[in-house]
There are 2 protein chains.
Amino acid sequence: VSKKISRAALPANVEIVCVGSELLETNVNTHERYIGGRLRDSGLRLSRGTTVPDDESALRGVVREALGRCDALILCGGLGPTFDDVTREAVAAALGRKLVYKPALFSVIKRKLARHRMAIPERNKRQALVIEGARPLANGVGSAPGQVLTLARRGRTPQTIALLPGPFAELSPMFEERLLPALKKTYARGTHVRTEVFRLQGMAESVADEKLAGLTRAPRPGVSYTILAGSGQVDFHVAVVASSAKAAAAELARARAAVMRAVGSHVFGTGAASLESSLGAALTARGWTLAVAESCTGGGIGERLTSVAGSSRYFLGGVIAYANDVKTKLCGVSPATLASAGAVSAECARELAEGVRRATGATLGLAVTGIAGPGGGTAAKPVGLVYLGLAGPGAGEHEERELRLGTGRASIRQRAAAAALGLVLRRARPRA
Amino acid sequence: VSKKISRAALPANVEIVCVGSELLETNVNTHERYIGGRLRDSGLRLSRGTTVPDDESALRGVVREALGRCDALILCGGLGPTFDDVTREAVAAALGRKLVYKPALFSVIKRKLARHRMAIPERNKRQALVIEGARPLANGVGSAPGQVLTLARRGRTPQTIALLPGPFAELSPMFEERLLPALKKTYARGTHVRTEVFRLQGMAESVADEKLAGLTRAPRPGVSYTILAGSGQVDFHVAVVASSAKAAAAELARARAAVMRAVGSHVFGTGAASLESSLGAALTARGWTLAVAESCTGGGIGERLTSVAGSSRYFLGGVIAYANDVKTKLCGVSPATLASAGAVSAECARELAEGVRRATGATLGLAVTGIAGPGGGTAAKPVGLVYLGLAGPGAGEHEERELRLGTGRASIRQRAAAAALGLVLRRARPRA
């Protein structure tokens, strides 16, 4: 779920064309979002994205049309060595320019393939073809070099055409290190942009939306907002465009203060922070360790915690207590509790958390038990009912939470994991 | 990684336009891949995808251009009630047609919102505006109705313009139940399409590519192939287009036989099968249960297993044995083994698998221990080194595997989980 709340007028006009039949059938196109977001962060604007199959004549037409509209055109993909890689040819034809073979470029490609002990087929020579007047862009990862071409325009900024390789690992460094700085210099000189993402947990999107209405309903000039929700988390993006670095910084500081006043108690981090990385930092600062006992999340909380490199400093592991018998054998949940209150109960969550804390010797024990569905729900205990338990840090300290997480097995499990991480984070990092 | 191996010529020409500023900045566009794949499976072809911001005049231009090229145009998004939802207006303007207010449609919208106990703002009336001559498409999930319009063309099939809501949960049933059948009838009458996806585990993409070269290098008329790799799994797509249902079925059967001859020992399922669902079916058929001891995957295998509804029939749970102390305390790994062979060793994998089997009483115990990196690697035990252990079904039966999974923490963990599931699957479902 995403909602664009407001948009500041941004100047230069960039288009992207992604080339590849697979993008129209089997693979999701992630370049548009990535390049568009990075352009916005630099005071530029992605005004259109086009996806075309590996078809030279169709691509040639798209390039001609786009050049009639935009300041800069970024083409992604179709720079490989095989017959269906047609971007070089299509752009050259659209511009009425020749392709020039560069032996020096081919030497670089040969050296690269040799390093990987790969045979060098003759067809790789196509990757050393450069459009007349274009500068090659070195590829630090794969074999396909990029290209960039500048066309003078009377009385206007020049027009830029860039050809980038399709794989993200090759495109991304070339875009960040070579193309984006050049585009900023040409089209966004004198524009100063500052952005921040505030990451919220434990507050519904609609509630956050309402609490932030003071900012978003009447945005100050040059400030725009986006609110995005998913997987039990809400992200609030703020972008500021100003004519000086100082003005941009001041406007962002003002927005930050307003966001913290409105929803600060639910902001767990900013920028690249994730729930699991923020929790890791909080636990490390305390010198605490954590263990989990997971029933309905089945290991998903451990998976998220251990996605952070270095998580072994504070995460010990725990028990996937899926079957009742495992709850009893490995976490010491009493059969009497299972018989009277049931596996999905605050009592069971408490015994799981205390049991896994005891079994592992962790500072904190975290437990999740619930009904992820689609089956297994009753009137008294419907699908989406989840209990969290937290034991520690002191002996006998414990806390339980009841959640109603709606329907949808995957959604319930993701939201339960996020709520569980949020519960520990609030305990480990109490607010001032 | 994706590679289009060949493409059969397909007749009608469909374009998609996705409307939404968020798609050019923050959200990945998943509609192109989905609609494109479904069209291909129906003998149609997605020839271009365009993404535009919420900007009426830009959208109007895109619609005019597209109608000059395609047989059918599908617009996704921009049908909401707010000021920045402009698809209805833009399409009407591009066609030179009026928007007509339909009180009956508004009654439906009002009833829907009332059911959710929501206030009905006046602005929702915009959702009851229909382009002159268009038929509304009921929305079973949200409030925005879709629309479809047919324009006669002299001597040709008519042209179709469809407006669908943006959220996938609303778009998908409308597309599947109303639009796709109509498009098939109009543009692919007499075309019979059959598709199959073969899902492989335990074979690298390049090896699969080589073994399947007999099919893919010289494809039979009307047959096309795509090979896709990711997360330790390879998917091989086959699409057949023929002039009769019988011919399509025969051609697909021929392809299926050839695929099974070439890579059958690594095909774990077809169609919607996942490793975890295939393994669930195999364990259920045997009446076996499974428990896991996860070190470097941190719970990821349990998370995948429990993503399948009903997995409690065969999955008991297990131990997230991240810290060495937890390996010892909960899985009975001997401190001597940890001291001599280390936590990342075949011996430790064996003791983990046997320990979790014993602790839970499962038929099979599965263990994973390895170095996911980026730190922690040595010359003798580099990042990417992973050991799998499988204990059972018989007393004393065990099997260990050493894997070298390259670099990249997330990639190593995903590939280790896939390899572990594959190991159990081959044990539970031995090939004839």
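## A parallel pair in chain B

Let's begin with one residue: Ala72(B) has Thr160(B) in β9(B) as its bridge partner. This pairing belongs to a predicted model. Strand β4 (residues 72-76) of chain B and strand β9 (residues 156-164) of chain B run parallel and are joined by five bridges.

## The twelve-stranded sheet

Twelve strands make up an open sheet with mixed pairing, and its order is β7(A)-β8(A)-β9(A)-β4(A)-β2(A)-β3(A)-β3(B)-β2(B)-β4(B)-β9(B)-β8(B)-β7(B). At the edges are β7 (135-137) of chain A and β7 (135-137) of chain B, each of which pairs on one side only. On average, neighbouring strands of the sheet are turned by 15° against each other, direction ignored.

What lies across β4 (72-76), β7, β8 (146-153) and β9 (156-164) of chain A? Helix α5 (residues 168-187) of chain A does, and its direction is at about 175° to that of β9(A).

## The ten-stranded sheet

A further open sheet, again with mixed pairing, has ten strands in the order β18(A)-β17(A)-β16(A)-β14(A)-β15(A)-β15(B)-β14(B)-β16(B)-β17(B)-β18(B). Its edge strands are β18 (398-404) of chain A and β18 of chain B, and each pairs on one side only. From one strand to the next, the twist averages 15°.

Within this sheet, strand β14 (residues 290-294) of chain A pairs with β16(A) in the parallel sense over five bridges. One residue to look for here is Ala293(A), whose bridge partner in β16(A) is Ala367(A). On the chain B side, helix α14 (residues 409-428) packs on the sheet and touches β14 (290-294), β16 (364-370), β17 and β18 of chain B. The direction of helix α14 of chain B makes about 25° with that of β17(B).

## How the two chains are related

## The interface

How many residues of chain B are in contact with chain A? The count is 68 residues of chain B, in contact with 68 residues of chain A. About 5,300 Å² is buried between chain B and chain A, with carbon and sulfur atoms giving 52% of that area.

The rule finds eight salt bridges across the interface of chain B and chain A. Glu65(A) forms a salt bridge with Arg69(B), where the closest N and O atoms are 3.6 Å apart. Strand β3 (residues 45-52) of chain B supplies eight residues, the largest share of the side of chain B that touches chain A. Between chain B and chain A, 32 residue pairs are in polar contact.

## Two cis peptide bonds

In chain A, Gly373(A) and Pro374(A) are joined by a cis peptide bond with omega about 0°. Pro374(A) is placed in the loop between β16 (364-370) and β17 (385-391) of chain A.

In chain B, the peptide bond from Gly392(B) to Pro393(B) is cis, with omega near 5°. The loop between β17 (385-391) and β18 (398-404) of chain B holds Pro393(B).

Definitions and conventions. Residues are numbered from 1 along each chain as its sequence is written. Chains are lettered from A and ligands numbered from 1 in the order in which they are written. This is a predicted model: local features need pLDDT of at least 70, side-chain atom pairs count only at pLDDT 80 or more; totals for chains, interfaces and linings use all residues. Side-chain values use heavy atoms; hydrogens and water are left out. Helices (H or I, at least four residues) and strands (E, at least two) are DSSP runs, numbered from the N terminus. Two strands pair if DSSP finds at least two bridges between them. Axes are lines fitted to C-alpha atoms, for helices over the stretch in contact, and angles run from 0 to 180 degrees between N-to-C directions. Contact means heavy atoms within 4.5 Å. Buried area is the accessible area (1.4 Å probe) that two parts lose on being put together, summed over both. A salt bridge is a side-chain nitrogen of Lys or Arg within 4 Å of a carboxyl oxygen of Asp or Glu. A polar contact is a pair of N or O atoms within 3.5 Å; within protein, one must be able to donate a hydrogen and the other to accept it, and residues adjacent in sequence count only if both atoms are side-chain atoms.
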